[in-house]
Amino acid sequence: MGKRVYGLGGKICLLLVLASAILSFGLDEVSISRENDLEIERKLEMLNKPAVKSIQSEDGDVIDCVDIYKQPSLDHPALKNHKIQIKPTITHPKTASKNNASRPVSQIWQKSGSCPEGTIPIRRIQKQDLLRAGSLDRYGRKSPYVFNNPNNTLYDITPNNTHNFHNLNQAGASNNVFVNRSIAVLLTLGYHYIGARGDINVWNPQVEKPDEYTTAQIWVVNGDHFAETAEAGWMVNPTVYGDTATRFFVYWTADASQKTGCFDLMCQGFVQTNSEIVLGGKLDPYSSFEGDQYQLPLFMYWDKNTQNWWLEINGKQVGYWPSELYGVLKLSAVAVQWGGEVYSKTIMHRNVNHTSTKMGNGIEALYHFSAWIKNTKIIDYSAVEKYPEWVHEYMDEPDCYSSFNWVEYVKEPLLFFGPG
């Protein structure tokens, strides 16, 4: 009888020890989960500033109208004493494209309301947006630009004749220069640029995997290996936005996306001044084959008095990239690119598992049918807006993505870009 009691007691003790261990392990998990939740809540509080007014868009986005002086960008340490520049100190005449067959695109949220004067519309970041990111520190930032070959020198060539760089893809840089991404662009370099313009027609290309993206955009760039950029255009990015809609975006980095930069207002950086346009907002409608064409007219230019880079859409000032973000880009750009970028972990030259994510509208760069950018202009230190003197099509992977600059027999050059 005693032995039975001892045995039963031993079993009870063993069960209590196991229960205690399981409970302790469970509490650790709960504790870790709670800590993660607190980090997410702190991040959301930092990004989602108190709203004067909130708008529920029919597309599912929530747009918060935030006091312009309380926007996230002003939390950047370098902008501690920054005074918001409401308007640029210089103006450039609006240059209309000679091709008037396309119309400016709009944003869906605008059908549901508007923000009052003195506020800016900000797309509200949700918890699920942060959970998709994988890393709170890198939320909203592109994957770092890493060279396949550390000895590569990007675009290290000398222009040899007007409107052309001789054998750029062969002589200037090896195919698939960057890990996990490909570009197909019209490139100009050789001067100091203080402005770039382009009208990008809007499509909704297919993205194969949730962690991939595709863009159509303009870059102004400077720095070692083009580490400093200001970028704007449209993109499809399921990881960042949680869907496959086409959205307007801006981007910046000062170190090739290693530790700085982000899309839209997902970190401190871009200063918005416009109360009508949402960074990251869905665009509507899209262009259609042999049908109506809708475009995103973009103009990026440097204010010599403040060294800020301003962004306009269809003649409306959106805001600016403050000079405090940059090292050399605050003085000028040394190159401008127009075209598309695709990001995927499966991008590798001639890789049989190469992503099927589309660029542009999914059609190879051909006359009329593929995605295009028209009205491509630059401003250099002459302060004259003009077509670049030296330009060339450049592709990381010519077999996969293509660009074609149509300059013959047309009044205005057109860049076509898409799959290879």
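Which backbone oxygen does the side chain of serine 403 reach? Select serine 403, and you will find that its side chain reaches the backbone oxygen of valine 185 at 3.3 Å, a polar contact (a pair of N or O atoms within 3.5 Å, where within protein one must be able to donate a hydrogen and the other to accept it, and residues adjacent in sequence count only if both atoms are side-chain atoms).

Before going further, please note that this is a predicted model, in which local features need pLDDT of at least 70 and side-chain atom pairs count only at pLDDT 80 or more, while totals for chains, interfaces and linings use all residues. Residues are numbered from 1 along each chain as its sequence is written, and side-chain values use heavy atoms, with hydrogens and water left out.

**Around serine 403**

Serine 403 lies in strand S20, residues 401-406; strands (E, at least two residues) and helices (H or I, at least four) are DSSP runs, numbered from the N terminus. At 8% relative accessibility, serine 403 counts as buried, a word that stands for under 20% relative accessible area, with exposed meaning over 50% and partly exposed in between (1.4 Å probe, protein chains only). If you leave aside its neighbours within four places in sequence, the residues in contact with serine 403 include Ala184, Val185, Tyr394 and Phe416, where contact means heavy atoms within 4.5 Å.

**The whole chain**

Zoom out to the chain, which has four helices and 21 strands, and in which 54% of the 420 residues are buried. Among contacts between residues at least 6 apart in sequence, 73% join residues at least 24 apart.

Next select strand S8, residues 228-236, where nine of the nine residues are buried, so the strand is largely enclosed by the rest of the structure. Showing its side chains, you can see Glu228, Ala230, Ala232, Trp234 and Val236 pointing one way, and Thr229, Glu231, Gly233 and Met235 the other way. Two strands pair if DSSP finds at least two bridges between them; S8 is joined by nine bridges to strand S7 (residues 213-222), running antiparallel, and by seven bridges, again in the antiparallel sense, to strand S9 (residues 247-253). S7 and S8 form a hairpin with five residues between them, and glycine 223 in the turn has a positive phi of about 95°. To check the pairing in the viewer, look for asparagine 222 with its bridge partner glutamate 228 in S8, and for tryptophan 234 with its bridge partner phenylalanine 248 in S9.

**The disulfides**

How many disulfides does the chain hold? There are two, a disulfide being a pair of cysteine sulfur atoms within 2.5 Å. Select cysteine 65 and cysteine 115, whose sulfur atoms are 2.1 Å apart. Cysteine 65 lies in strand S2 (residues 62-67) and cysteine 115 in the loop between strand S4 (106-107) and strand S5 (119-123), so the pair ties together parts that are 50 residues apart in sequence. The other disulfide joins cysteine 262 to cysteine 267, and both of these cysteines are buried.

**An open sheet**

Finally, select S1, S2 and S5, which form an open sheet of three strands in the order S1-S2-S5, with antiparallel pairing. Strand S1 (51-56) and S5 stand at the edges with a single partner strand each, so one side of each is left without a neighbour in the sheet. Five bridges join S2 to S5, and one to look for is aspartate 67 with its partner threonine 119 in S5.
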